[in-house]
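Dear colleague,

Please find below the structure that I am handing over to you, followed by a short account of what was found in it.

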Amino acid sequence: MASSAAARGARRLIVCLLLLAGAVHARAEAPGAAERRLKAAYLYRVAAYVDWPDAAFARSNAPLVIGIAGDDALAEQAAQFMAGRLVHGHPLAVRRIGATPPPAGLHVLFAAATPARARLLDAVHSQPVLTVCDGMPERRCVVNLVADGDHLRVRIDRLEALAAQLRVSARLLALGTW
Amino acid sequence: MARPMLRRRSIREKLVTIVMSTTLAALVVSVGSVVAYDLRSYRRALLNDLATQAELVGHMTSAALAFDDARLAGENLALLRSRPSVRAAAIYDEHGALFATYLAPGETGAFPVRPAKGGKPVRAGAKESYLPEGDEVVLYKPISENGDLLGTVYLRSENQLIVRVRDYFMICAGVTLLALLTAWLLVRRLGHTITTPIDAITGIAREVVARRDYSRRAPRISEDEAADLVDSFNAMLSEIEQRTRALEDSNREIAREAEERARAQQEVMRLNAGLEARVQERTAQLELANSELELAIEEARAANQAKSAFLSSMSHELRTPLNAILGFAQILASKDMPTTPEQKQEFAGHILKSGRHLLTLINEILDLAKVEAGALSLSMEPVPLAEVMLECQSMIAPLAATRGIRVLFPEAPAVRVQADRTRLKQVLLNLLSNAVKYNRDGGAVIVDCARPAPQRLRLSVQDTGMGLTPEQVANLFQPFNRLGQEAGTQEGTGIGLVVTRRLVEMMGGEIGVASSPGTGSVFSIELTVAEPAGVAAAAPSAAGTSAAPARSADGGAGATAARTVLYIEDNPANLKLVQEIVRFRPDLRLMCAPDGHFGLSLARSHLPDVILMDLNLPGLSGFEVLAQLRREPDTARIPAIAVSANAMRADIERALAAGFARYLTKPIDIGQFNEAIDGVLATRRVDESQPQ
């Protein structure tokens with residue numbers, strides 16, 4: 001038992017060292033890359049807790065289209081992250097949204113804190129589009145990503161969700177609502 | 001007594017043991033299966049419950065994990081307060097780092113650094129896994145969302161299964177004890193229904209065995225197999241009782257039989273003793289018979305010796321007179337020995353005397369043989385004693401006179417005795433001649449008559465000879481035992497007394513001897529008296545004397561004409577003798593034939609007046625010749641006279657019956673010969689004259 005306990009201790013030590021190495025490596029990346037990757041993951045995870053109306057999808061295996069506006073690096077990151085993943089059985093498709101009005105068929109719209117954000121949000125208002133905002137909290141956004149120190153908090157606007165005909169999981173709502 | 005008690009208790013004990021063990025087994029099986037099933041379901045329920053909690057916590061916490069909200073995760077974990085059995089809970093993030101923890105009140109303890117089961121990291125989608133750690137259970141439950149591993153729930157709970165097992169053990173032990181106690185009480189209570197009937201049977205059986213009282217019966221208490229046992233036992237008892245009674249009866253019977261057998265044995269022994277006595281008696285008889293047999297053998301041997309002696313004596317006695325006859329005859333026949341007529345006369349006298357002696361001897365031997373063979377037949381008749389004594393007196397007188405011996409006869413009593421006349425005379429003459437022969441010269445012979453009984457007459461002849469010793473008296477009646485022969489002077493055959501005694505005995509009389517050496521002997525015979533008559537005594541005598549002159553007269557009358565006599569004889573000497581005899585008879589003419597055939601032819605041709613013939617002829621026998629003569633008419637009436645050496649009475653009677661007129665025995669007595677021829681011729685003459 002003593003030897004196995006010792007072995008277990010040694011393993012834990014190795015794991016801790018690896019984690020430290022990973023942290024060092026992350027730190028070594030360009031600032032903001034980790035944040036973008038986290039945001040990409042959050043986009044993906046939030047989508048998993050939200051149900052769209054059936055009309056939002058033309059077919060049962062139609063792609064879930066994610067539009068990313070104002071942050072190309074994130075779009076790139078998200079496309080990379082979401083390649084091959086499924087949400088509710090739908091493949092994910094990432095679209096870069098420019099200043100132009102967002103295309104129809106969007107399911108998720110990430111809007112960075114840019115001046116054009118309000119217009120984008122208006123364009124998809126009352127549509128079954130899950131809007132995600134970061135930076136400064138936006139009133140007409142369903143999901144706000146709020147930085148809390150090192151953490152990135154999720155805030156759900158239930159009214160906006162209702163307006164957008166989206167059903168948000170109670171578990172997601174438990175994280176924090178307006 | 002201890003063993004049956006033990007055995008009885010043992011049965012009850014066995015019953016208790018059986019019931020208890022059965023109960024125990026049933027309890028163990030039933031309670032064990034129930035408990036096992038319950039524990040299994042309880043364990044499953046427990047683990048399910050735990051897994052459900054972990055699932056719930058994980059599900060609730062998945063968003064917190066996804067969006068890195070440790071506070072929310074901690075709050076979710078804190079909800080486990082409502083489950084006090086959960087002692088600790090934790091959530092690890094997708095990298096395995098501790099994300100949120102929960103500890104039950106009063107619980108202290110560390111959490112694993114990483115969620116690991118046996119060193120393997122927890123993967124997304126894997127099932128929950130349990131790790132029993134002492135009296136606690138540890139559960140790892142991965143949290144997945146949309147196929148991605150978000151983290152792991154760690155739950156540490158009290159292992160209530162152990163507690164439950166412990167409780168069950170206690171309950172089972174209590175229930176078992178209670179059930180066993182109840183069963184024991186029930187068995188104690190109900191066992192009597194089984195043991196009591198058996199006890200009753202056992203008690204009865206013990207009493208039966210101890211007292212041998214087979215009339216006892218076991219009571220019938222219950223209505224079950226024990227009752228059957230009681231019935232069977234009782235039936236067996238009655239059977240045994242019956243058998244015992246039969247056995248006792250049989251024993252009594254055997255004893256009685258043994259007694260009878262003993263009695264029979266005693267009887268057998270008694271009979272044995274009797275048998276032994278009889279055997280001894282028989283043995284004695286047998287010994288007696290043996291000794292008698294030996295005596296008889298001895299007698300037979302003696303008789304045999306006597307017979308041998310008799311034969312040699314007889315040979316001697318026969319040769320002695322033959323010697324004289326042949327010797328003197330040789331002298332007479334020899335021409336070399338001239339003899340004077342006086343000498344011839346003397347020698348012829350010697351020959352004649354010896355020949356007569358020889359004839360007497362042969363006659364006596366024949367008599368003896370007849371007597372011995374029992375062939376002698378007597379014609380018993382009343383005989384006048386005086387007449388016989390007179391004849392004897394006249395016959396013995398010349399002999400006595402030669403030796404100067406006086407013979408004194410008493411006055412003859414006028415009495416008749418039952419006897420054969422001829423044989424009586426023979427007996428008296430024998431006694432008288434012996435008395436004369438063995439007397440001294442000039443002695444006396446005294447004859448006496450006495451009547452010892454009315455029907456008995458005793459005649460005694462006393463001499464004055466040398467007398468006899470007792471030994472001599474004992475051997476007196478043996479053949480050829482001539483007393484006085486030692487002296488050699490007296491002639492005798494030695495057979496006379498033997499024949500005499502036999503004759504007397506055959507006539508119903510007795511003969512006795514009394515003698516004293518030196519003074520003389522007395523021979524006496526006793527005869528039966530026939531009748532007291534004496535008047536006719538002289539008549540036969542007169543008739544006897546008158547017969548002789550008549551015969552001589554006949555002979556004189558026959559001289560007138562020569563008569564022819566035919567003689568058939570094969571022996572030349574006998575022929576010659578007859579020729580010589582007939583030569584002295586001028587009135588007879590003799591013809592001779594050597595055999596029967598020639599004789600028959602002569603008879604036919606010459607028709608003789610009388611025929612003499614020998615009976616033993618060659619070719620035709622005398623009987624056949626006679627039969628032939630009688631068949632032919634010419635010769636049928638010729639009288640025939642048999643001349644034979646066969647002197648037996650049977651032969652004579654046979655010949656007379658066959659038709660012979662007379663029978664002459666050889667040697668021929670010339671007087672008798674002449675008388676026979678004369679008699680036959682006289683009869684023939686009468687026969688011839690009658691037809692005329």
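I begin with one glycine: Gly176(A) lies in the segment that follows helix H6 (170–175) of chain A. Helices here are DSSP runs of H or I with at least four residues, strands are runs of E with at least two, and both are numbered from the N terminus. This is a predicted model, in which local features need pLDDT of at least 70 and side-chain atom pairs count only at pLDDT 80 or more, while totals for chains, interfaces and linings use all residues. Residues are numbered from 1 along each chain as its sequence is written, and chains are lettered from A and ligands numbered from 1 in the order in which they are written.

Gly176(A) is partly exposed because 17 other C-beta atoms lie within 10 Å; a residue is buried with 20 or more such atoms within 10 Å, exposed with 12 or fewer, and partly exposed in between, with C-beta atoms placed from the backbone. Leaving out residues up to four places away in sequence, Gly176(A) touches Arg153(A), Val154(A), Arg155(A) and Ile156(A). Contact means that the C-beta atoms, placed from the backbone, lie within 7 Å. Between the C-alpha atoms of Gly176(A) and Arg153(A), which are 23 residues apart along the chain, the separation is 8.3 Å.

The next topic is the nonpolar cores. A core is a set of buried Ala, Val, Leu, Ile, Met, Phe, Trp, Tyr and Cys residues joined through C-beta atoms within 7 Å. The largest has 81 residues, of which Leu43(A), Leu109(A) and Val132(A) touch the most other members. H1(B) supplies the largest share of this core, 9 residues. A second, separate core of 35 residues includes Leu428(B), Leu431(B), Ala435(B) and Val498(B). Residues touched by Val132(A), not counting those up to four places away in sequence, include Leu43(A), Cys141(A) and Leu145(A).

Finally, the two chains meet: 13 residues of chain B are in contact with 13 residues of chain A. On the chain B side, helix H1 (residues 2–66) gives the most, with 5 residues. That side divides into 7 nonpolar, 2 polar and 4 charged residues, where Ala, Val, Leu, Ile, Met, Phe, Trp, Tyr, Cys and Pro count as nonpolar, Asp, Glu, Lys and Arg as charged, and the others, Gly among them, as polar.

Yours sincerely
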